[in-house]
Amino acid sequence: MVEKVYVTYNEVHKLCQASAGRILDAFKPNLMIAIGGGGYVPARILRSFLKRPSAPNIPIQAIGLSLYEQLPSSKPTDPVETPGTKVTRTQWLDLSSLEMNNLVGKSILIVDEVDDTRTTLEYAVRELQKDVEAAAQKLGSSEKTQFSIFVLHNKDKTKKGYLPQDMTDDERYLAARTVSDVWICYPWEATDIDEHDKLAASQARY
């Protein structure tokens, strides 16, 4: 039976807080793209910690990608879903608007909750790079757009997806915590937050 680990909002908040300094120093993002639905909450929390005095908040844009057939349940008695093999777009940037032009030349931080098989992250980076390059060509711009990644948890396992070599070489990937191959139940997936927090309090800390 797969072990389930329950993560609280408080823990997510602290993981973002602990990672913000490294993100500011190493990545210097001026725009975030949250992968929905797990990247929305971490991105919003991060924005508070990434704000510099007298500087505006870092904008957050969103894309939706799905690799699981069903949303995971946070109940300990429910079966655990296994990751799919095909990434499905459920939401993407509007390529016909100024939205893509605004990404050209930026330092963009992609935010998600967990790096499981890495398939979703590989897809997001590859497709966003492709779209930004197309937008840059239309603008006649030679400005370089740099992507980096932040996840709350990285599962210590063999990955099916791959990140660009330059991203790996430049260490533009940060996981707040690396964990074993457990099923992580996040609080935004819970239908009963009190029960979720009770389960989190009763478990051995990961």
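These legends go with a set of close-up views of one predicted model.

The model being predicted, local features need pLDDT of at least 70 and side-chain atom pairs count only at pLDDT 80 or more, while totals for chains, interfaces and linings use all residues. Residues are numbered from 1 along each chain as its sequence is written, and side-chain values use heavy atoms, with hydrogens and water left out.

View 1. Six strands line up as β4-β3-β2-β5-β6-β7, with mixed pairing. Helices (H or I, at least four residues) and strands (E, at least two) are DSSP runs, numbered from the N terminus, and two strands pair if DSSP finds at least two bridges between them. At the edges stand β4 (88–91) and β7 (173–179); each has a single partner strand, so one side of each is left without a neighbour in the sheet. On average, neighbouring strands here are turned by 25° against each other, direction ignored. As a reminder, strands of a sheet pair through backbone hydrogen bonds, either parallel or antiparallel.

**View 2. Strand pairs, bridge by bridge.** Start with β6 (residues 146–155) and β7: they run parallel and are joined by 6 bridges. The bridge partner of K155 is V179 in β7. Further along the sheet, β2 and β3 pair in the parallel sense over 5 bridges, and I33 sits opposite Q61 in β3. The pair β3 and β4 runs antiparallel, with 3 bridges; here S66 faces T88 in β4.

**View 3. Two helices against the sheet.** Helix α1 (residues 9–27) lies across β5 (107–115), β6 and β7, and runs at about 150° to β6. Helix α4 (residues 119–139) also packs on the sheet, touching β2 (31–36), β3 (60–66), β4, β5, β6 and β7, and its direction makes about 170° with that of β6. For the angles, axes are lines fitted to C-alpha atoms, for helices over the stretch in contact, and the values run from 0 to 180 degrees between N-to-C directions. Contact means heavy atoms within 4.5 Å.

View 4. L152 belongs to strand β6. With 0% relative accessibility, L152 counts as buried (buried means under 20% relative accessible area, exposed over 50%, partly exposed in between, with a 1.4 Å probe and protein chains only). Leaving aside neighbours within four places in sequence, L152 is in contact with V12, L15, C16, P42, D112, E113, A175, A176, R177, Y186 and W188. The C-alpha atoms of L152 and A175 are 5.6 Å apart, although the two residues are separated by 23 residues along the chain.

View 5. The whole structure holds 11 salt bridges, each being a side-chain nitrogen of Lys or Arg within 4 Å of a carboxyl oxygen of Asp or Glu. One of them joins the side chains of R89 and E127, at 3.0 Å from N to O. This pair links distant parts of the chain, with R89 in strand β4 and E127 in helix α4, 38 residues apart. R89 is partly exposed at 35% relative accessibility, whereas E127 is buried at 10%.

View 6. The side chains of D166 and R172 meet in a salt bridge of 2.9 Å, N to O. D170 forms a salt bridge with R172 too, the closest N and O atoms being 3.6 Å apart. R172 is buried, at 6% relative accessibility. Elsewhere, salt bridges that share partners join R89, R126, E127 and K130 into one network.

**View 7. Helix α6, one side in and one side out.** The buried residues of α6 (residues 193–202) are H196, L199 and A200. They span an arc of only 100° around the axis, which puts them on the same side of α6; the arc is that of the directions from the helix axis to the C-beta atoms. On the other side of α6, D194, K198, A201 and S202 are exposed. Among what covers the buried residues of α6 are β1 (4–6) and β8 (183–185). At the start of α6, a side-chain oxygen of D192 comes within 3.2 Å of the backbone nitrogen of D194.

How values were computed: A polar contact is a pair of N or O atoms within 3.5 Å; within protein, one must be able to donate a hydrogen and the other to accept it, and residues adjacent in sequence count only if both atoms are side-chain atoms.
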